[in-house]
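Please look over the sequence and the model shown here before reading the report.

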Amino acid sequence: MATQEIDLRGVRVLPGLLGPEAQAAMLADLREVARAAPVMRPVTRRGPMSVRMTSAGRLGWVADRRGYRYEPLHPETGQPWPPIPDSVLAVWRAVSGVEADPDSCLVNLYREGAKMGMHQDRDEGDFSYPVVSISLGDEALFRVGSVERGGKTASIWLRSGDVAVMGGAARLVHHGIDRVRDGSSTLIDGGGRINVTLRVVR
Ligand SMILES: O=C(O)CCC(=O)C(=O)O
Ligand SMILES: [Fe+2]
């Protein structure tokens with residue numbers, strides 16, 4: 001049920017790009033990812049994050065007291081991250097507008113009360129590639145600001161199956177998740193939201 005594209009301060013939002021069957025199939029693939037690469041609670045200098053994370057692909061995003069970086073191995077298992085599922089790659093190929101495939105797929109798990117503060121995605125080596133973000137499960141209030149800190153922002157509720165593309169002039173905009181509407185979807189066992197972001201890190 002793809003509806004019309006929305007421009008949120010330069011971020012392309014594609015509501016309902018994934019239908020219920022595609023969402024369920026992707027979720028099953030992500031369960032396999034989490035089985036091979038258990039979700040972790042990242043700890044930053046500011047303390048533990050409320051979002052739990054794991055990754056797929058050649059590189060996974062890792063946050064701990066030493067800082068943020070991409071790593072080829074899961075820090076707890078010592079194993080390489082599992083491959084990015086085809087169901088996820090298909091979304092990148094459909095919307096990214098670039099030839100290269102992503103080498104990193106971050107899986108964010110928002111259980112009750114989890115949110116993500118305003119930030120830029122800037123740990124990647126080349127900002128000419130977009131970041132593609134897929135939402136599954138409960139609705140989330142996604143806020144987008146500017147490349148500079150502070151100033152005006154605009155928000156939208158991202159629903160299960162929505163896809164957002166941060167590229168071009170919007171590649172480095174500040175963004176975050178203010179809150180998740182608990183119980184607004186039944187897709188995920190135990191409730192909550194999963195967000196998948198795809199990146200070319202190199
Ligand atoms: O959960 C979201 O929709 C945003 C996730 C995000 O900004 C990130 O992982 O960098
Ligand atoms: Fe981000």
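The report takes up the pockets and then a sheet.

## Basis of the model

This is a predicted model, in which local features need pLDDT of at least 70 and side-chain atom pairs count only at pLDDT 80 or more, while totals for chains, interfaces and linings use all residues. Residues are numbered from 1 along each chain as its sequence is written, chains are lettered from A and ligands numbered from 1 in the order in which they are written, and side-chain values use heavy atoms, without hydrogens and water.

## Largest pocket

The largest pocket has a volume of about 940 Å³ (on a 1 Å grid over the protein atoms alone, a pocket is an open set of points where a 1.4 Å probe fits, with protein on both sides within 12 Å along at least five of seven lines, and lining residues have an atom within 4 Å of a point; the volume is the space filled by probe spheres set on the points, which are joined across faces, edges and corners). Of its 42 lining residues, Met-49, Met-116, Gly-117, Met-118 and His-119 are the closest to the centre.

## Second largest pocket

The second largest pocket holds about 210 Å³ of space, and its lining includes Leu-27, Arg-31 and Asp-189. The element that gives the most to this lining is α1, with four residues (helices, H or I, of at least four residues and strands, E, of at least two are DSSP runs numbered from the N terminus).

## Open sheet

Four strands form an open antiparallel sheet in the order β9-β14-β11-β12 (two strands pair if DSSP finds at least two bridges between them). Because β9 and β12 stand at the edges with a single partner strand each, one side of each is left without a neighbour in the sheet.
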